[in-house]
Amino acid sequence: MRQSTFIKHKNSPAIDAFDFEVIQIDPPRISSVIAKRFALVKYMTSNKSGNFIAENGAKVALDDISQLVDIISGSVLGSEIGTRIEVLATDDVRLALRMTREFLERGYTSPGKAVQIFREQGRYLLPRHEAFRAILLGTELTYSESTSTIANPFDSNLAVTQMQLLRLYVLNVIVSYASDPAFRQIDGSVITEKLRMIGVGDSFTHRVLVDLCNKRFLFTVNHGEPTASSSFIPSRLGGYIAKELISNFTFIECMLYDTYIADAKTWGKLRDLSGKIESERDVIKRITMRVSRAKSFIIKWKTYFSALF
């Protein structure tokens, strides 16, 4: 039993009936688990024929289905996608397998093209942004924090516009503190005191700390419930959000669908751009407008973030 599981259930009757020696069991490496799953699927599909309907409606026949496994495993194992799955899952093997399954089911729009290039060149890397987008969306067509495995750092869901970026602010500060080699932990009392100085009430602070822990951005040192007396450390996911994904185009584009925009001018611009993007058929023009929409979203928050704190 992992230590965090024991702490969570230590007062239940089933556990109270026995004596336990508390030990720490490290989870297996996610990349190793996924590699073994791919190897098993390759073995089961080797020398078996099949077919599927490509994106253009053509029927693609395969003499050996295991070719698809070679394409997928080569695009995931040891690649940016494999690393992202490992980081986003925060050592949760079941969650990593769920992410992998969902992006394989919905992540790629051109499997026919992938098979053709693989046959001609012997190697093909599936688009990284499509896989990442599928991981963020899960089973939905657009991003929603309630259905995604990754929370939205741009909206604290506090029903107070002035506190909308509090989740991102707290996360960014703790990650910055953690960059110091001497960092060990930061106490909840210190966080509460510093936020009081800029006008943030204790109830808002507590709500944000609980959310950050529940969303796996932060961990408490004792793996218990987050309170003002707890000590906190950022997770690998929290650091990745604050330092990398906050400027990632695919990430920003997904987040803007589930972020409240209080400024009417910005909201109107984003709405108009979204309408034009949906009706545009030229791929280059669509990309240009999508970039413009993402810039409008992030620039507005950058200005608001600076003014608020």
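Where is asparagine 47 found? Asparagine 47 sits in the loop between α3 and β1 (50-53). The model is predicted: local features need pLDDT of at least 70, side-chain atom pairs count only at pLDDT 80 or more, and totals for chains, interfaces and linings use all residues. Residues are numbered from 1 along each chain as its sequence is written, and side-chain values use heavy atoms, with hydrogens and water left out. Helices (H or I, at least four residues) and strands (E, at least two) are DSSP runs, numbered from the N terminus.

**Positive phi values**

- Asparagine 47 has a positive phi near 65°, in a residue other than glycine.
- At 68% relative accessibility, asparagine 47 counts as exposed; buried means under 20% relative accessible area, exposed over 50%, and partly exposed in between (1.4 Å probe, protein chains only).
- Arginine 216 is not a glycine either, yet has a positive phi of about 70°.
- The loop between α11 (202-214) and β4 (218-220) holds arginine 216, which counts as buried at 15% relative accessibility.
- Glycine 138 follows α8 and has a positive phi near 65°.

**Packing of α3 and α4**

- Helix α3 (residues 30-45) packs against helix α4 (residues 66-76) at an angle of about 165°, with the axes 9 Å apart. Axes are lines fitted to C-alpha atoms, for helices over the stretch in contact, and angles run from 0 to 180 degrees between N-to-C directions.
- The two helices, α3 and α4, are therefore roughly antiparallel to each other. Angles under 35 degrees count as roughly parallel, over 145 as roughly antiparallel, 65 to 115 as roughly perpendicular and the rest as oblique.
- On the α3 side the contact (heavy atoms within 4.5 Å) is made by Phe38, Val41, Lys42 and Thr45; on the α4 side it is made by Ser66, Val69, Asp70, Ile72, Ser73 and Val76.
- By class, this contact of α3 with α4 has 5 nonpolar, 3 polar and 2 charged residues. Ala, Val, Leu, Ile, Met, Phe, Trp, Tyr, Cys and Pro count as nonpolar, Asp, Glu, Lys and Arg as charged, and the others, Gly among them, as polar.

**Nonpolar cores**

- The largest nonpolar core has 64 residues, and those with the most contacts inside it are Ile85, Leu88, Leu166 and Phe251. Such a core is a set of buried Ala, Val, Leu, Ile, Met, Phe, Trp, Tyr and Cys residues joined through side-chain atoms within 4.5 Å.
- Helix α9 (residues 166-178) gives the most to this core, with 7 residues.
- Another core, of 11 residues, lies apart from it and includes Phe52, Leu62, Val115 and Leu126.

**Helix α8**

- Helix α8 (residues 128-137) is mostly covered, with 7 of its 10 residues buried.
- Those buried residues of α8 are Glu130, Ala131, Phe132, Ala134, Ile135, Leu136 and Leu137.
- Their cover includes α5, α6 (93-106) and α13 (249-255).

- Glycine 82 lies in helix α5 (residues 80-89) and is buried, with a relative accessible area of 17%.
- Between glycine 82 and threonine 100 there are 9.0 Å in space, C-alpha to C-alpha, and the two are 18 residues apart in sequence.
- Threonine 192 belongs to helix α10 (residues 188-197) and is buried, with a relative accessible area of 9%.
- Neighbours within four places in sequence left aside, threonine 192 is in contact with Asp202, Thr205 and Ala228.
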